[in-house]
Amino acid sequence: MSTKGWDNFWKDQRQSFYAVMKMATGYFVTQLEKKYQLQPTDQIFDYGCGPGFVADALAGKHIQITGADINEFFIQQCRSNHPGALFFLITTDVATNKKILEEQLQRRKFDYILVLSIVQYLPHEKDLEEIIRLLSRFLQPQGTMIIADVLDENTSSIKDAFSLFLHCIRKGRIGAFVGFISYLLFSDYRTISKQNKLLHVSEQAIRDMAKRQELSCEKVMGLTLQRSRSNYVLRHSSVKSSV
Ligand SMILES: C[S@@+](CC[C@H](N)C(=O)[O-])C[C@H]1O[C@@H](n2cnc3c(N)ncnc32)[C@H](O)[C@@H]1O
């Protein structure tokens, strides 16, 4: 496989660290439901949906989501697990994605747009700003965009590994943790992370991006398992938070 960047890494991914990713995503969905009391009528768009773990977790609550990802294998998996829902392939180029989203989503607007565990794999902050700009066009006037699991200057891999470890113990999934750590240490993930640092974005940078796009920005705690990462809720500026 290519070792050029995170985009190539993710396009080529199959099922390498599914166990831990599924657990972390499941945790996020539980927190999301608690905080926002999602309803089956809610329209949710998962940008960078991966193998569809958010969709899998919400299917039991009869909540169907729409998703997009750069990895064709993941999209095929989402389609086969959720045949009634719309999942489509996007690229790493936001201008191209604008056309794809307009074609696939038409004029749909979503109550929730999720960008979960994606930001660290983007090459530059400006890519995140372009993604936020693009996605805000598909957000309901009262809708909520969640940018979650963002690495910043307070992020510590040791603290993150520890919170993951505790969660795996609680769930009786210590094997998943060991598998994950071995994968990080001995796979192409390690090679790529040496060549491409994961993107860190500060709270101020996200607030500035939101402001430039007339979105409000609220930092929310506890949405993700890795406690030293940050989560943000963006809304159209005219909308007051009710949570
Ligand atoms: C850690 S996984 C998270 C998947 C899913 N959001 C979840 O939390 O279960 C990262 C995902 O980001 C996707 N991705 C990487 N770079 C991307 C980009 N530039 N635009 C959209 N998705 C991207 C990958 O294909 C992968 O599915």
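The largest nonpolar core has 57 residues, and those with the most contacts inside it are Phe45, Leu101, Leu128, Leu135, Ile147, Val201 and Leu234. A nonpolar core here is a set of buried Ala, Val, Leu, Ile, Met, Phe, Trp, Tyr and Cys residues joined through side-chain atoms within 4.5 Å. Apart from this core lies another, of 24 residues, among them Phe28, Leu38, Ile44 and Leu114. The model is predicted: local features need pLDDT of at least 70 and side-chain atom pairs count only at pLDDT 80 or more, whereas totals for chains, interfaces and linings use all residues. Residues are numbered from 1 along each chain as its sequence is written, and side-chain values use heavy atoms, with hydrogens and water left out.

Leucine 128 belongs to helix α6, residues 125-136; helices (H or I, at least four residues) and strands (E, at least two) are DSSP runs numbered from the N terminus. Leucine 128 counts as buried because its relative accessibility is 1%, where buried means under 20% relative accessible area, exposed over 50%, and partly exposed in between (1.4 Å probe, protein chains only). Beyond its neighbours within four places in sequence, leucine 128 is in contact (heavy atoms within 4.5 Å) with Val119, Leu122, Ile147, Val201, Ile206 and Met209. Valine 115 is 13 residues from leucine 128 along the chain, and their C-alpha atoms are separated by 9.9 Å.

The ligand is surrounded by 18 residues, of which the closest are Thr25, Gly48, Asp69, Leu116 and Ile118; a residue is near a molecule if one of its heavy atoms lies within 4 Å of it. By class, this shell has 12 nonpolar, five polar and one charged residues. In that scheme Ala, Val, Leu, Ile, Met, Phe, Trp, Tyr, Cys and Pro count as nonpolar, Asp, Glu, Lys and Arg as charged, and the others, Gly among them, as polar.

| Residue | Protein atom | Ligand atom | Distance |
|---|---|---|---|
| Threonine 25 | side-chain N or O | oxygen | 2.7 Å |
| Glycine 48 | backbone N or O | nitrogen | 2.7 Å |
| Glycine 50 | polar backbone atom | oxygen | 3.5 Å |

The protein covers 96% of the 590 Å² of accessible area that the ligand has on its own; accessible areas come from the Shrake-Rupley method with a 1.4 Å probe.

Proline 51 lies in the loop between β1 (44-47) and α3. With a relative accessible area of 0%, proline 51 is buried. Not counting residues up to four places away in sequence, proline 51 touches Tyr18, Met21, Asp56, Phe74, Gln77 and Cys78. Methionine 23 is 28 residues from proline 51 in sequence and 13 Å away in space, C-alpha to C-alpha.

Histidine 62, in the loop between α3 (53-59) and β2 (65-69), has a positive phi near 60° while being a residue other than glycine. Its relative accessibility is 66%, so histidine 62 counts as exposed. Serine 117 also has a positive phi, about 60°, although it is not a glycine. Serine 117 sits in the loop between β4 (110-116) and α6 and counts as partly exposed because its relative accessibility is 25%.

Serine 187 lies in the loop between α8 (174-186) and α9 (188-195). A polar atom of the side chain of serine 187 is 2.5 Å from the backbone oxygen of tyrosine 183. At 14% relative accessibility, serine 187 counts as buried.

Conventions
A polar contact is a pair of N or O atoms within 3.5 Å; within protein, one must be able to donate a hydrogen and the other to accept it, and residues adjacent in sequence count only if both atoms are side-chain atoms.
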